Amino acid sequence: MMRRLHIGNYILNKLACGGIAFLLLNLITVVMNDYTSSPILPISLEQWVYGIFMMASIVSDAVCALVAPFSRTKSIFLISTWGYIVGFFVVVNGGESPWFSGIVGLGTMLLFYFGRTVLRRHSLTTLVLAWFIPVICLSI
């Protein structure tokens, strides 16, 4: 029973981190649309955050859990490298600038990592970020 509760808290925390990343990328997109007419990412923000980088974050957590315990700086380096590689290869054949997508991917993965360390386990903020922020961002 406690194992299921732990897994549920982990997934809720990942959804809250996705809410943080989705909100920040949505705000950046709104600001950038005032200056440029082209989108900053070649795919939609929902696919970028919840489809690609949430899965990449879960994979990086699994790799960090399977390997010997790293120091905080080594795990941040591993996560940021993984985020850059995933972001780079999402658009490498699409004709867009893959280095920019790699940098955005690096930032998204770091948001997932720092969101995991900042958010508390039983917090109302976690529920708001996981469920209400994405709905509000989609309705804008």
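View 1. Let's start with Asp61, which is buried at a relative accessible area of 12% (buried means under 20%, exposed over 50% and partly exposed in between, with a 1.4 Å probe and protein chains only). This is a predicted model, where local features need pLDDT of at least 70 and side-chain atom pairs count only at pLDDT 80 or more, while totals for chains, interfaces and linings use all residues. Residues are numbered from 1 along each chain as its sequence is written, and side-chain values use heavy atoms, with hydrogens and water left out. Side chains of opposite charge can pair when their charged atoms come close. Here a salt bridge needs a side-chain nitrogen of Lys or Arg within 4 Å of a carboxyl oxygen of Asp or Glu, and the count comes to two. One of them joins Asp61 to Lys14, at 2.7 Å from N to O. That pair ties together distant parts of the chain, 47 residues apart: Asp61 sits in helix α2 and Lys14 in helix α1 (residues 2-35). (Helices are DSSP runs of H or I with at least four residues, strands are runs of E with at least two, and both are numbered from the N terminus.) Lys14 counts as buried too, with 3% relative accessibility.

**View 2. Arg116 joins in.** Arg116 makes a salt bridge with Asp61, and their closest N and O atoms are 2.5 Å apart. This pair also links distant parts of the chain, with Arg116 in helix α4 and Asp61 in helix α2, 55 residues apart. Arg116 itself is partly exposed, at a relative accessible area of 30%.

**View 3. A cavity inside the structure.** Rolling a probe the size of a water molecule over the atoms shows where empty space is left. A cavity is a set of points, on a 1 Å grid over the protein atoms alone, where a 1.4 Å probe fits but cannot get out; lining residues have an atom within 4 Å of a point. Grid points are joined across faces, edges and corners, and volume is the space filled by probe spheres set on the points. There is one cavity of 30 Å³ or more, and the largest cavity has a volume of about 40 Å³. Its lining includes Lys14, Asp61 and Arg116, along with Ser57, Ser60, Ile79, Met109, Phe112 and Tyr113. Helices α2 (45-66) and α4 (98-118) are the elements that give two or more residues to this lining, and α4 has the largest share, with four.

**View 4. A nonpolar patch on the surface.** Val59, Val63, Leu66, Val67, Phe70, Leu78, Trp82, Ile85, Phe89 and Val92 make up this patch, with about 860 Å² of accessible area together. Patch members have over 30% relative accessible area and no salt bridge; nonpolar side chains (Val, Leu, Ile, Met, Phe, Trp, Tyr) are joined within 5 Å, and like charges within 9 Å. Accessible areas come from the Shrake-Rupley method with a 1.4 Å probe, and for residues only the protein chains shown count as cover. The elements giving two or more residues are α2 and α3 (72-90), and α3 gives the most, with four. Val63, in helix α2, is partly exposed at 37% relative accessible area.

Key. 1 Å grid on protein atoms, 1.4 Å probe; cavity = no way out; pocket = protein on both sides within 12 Å on 5 of 7 lines; lining within 4 Å.
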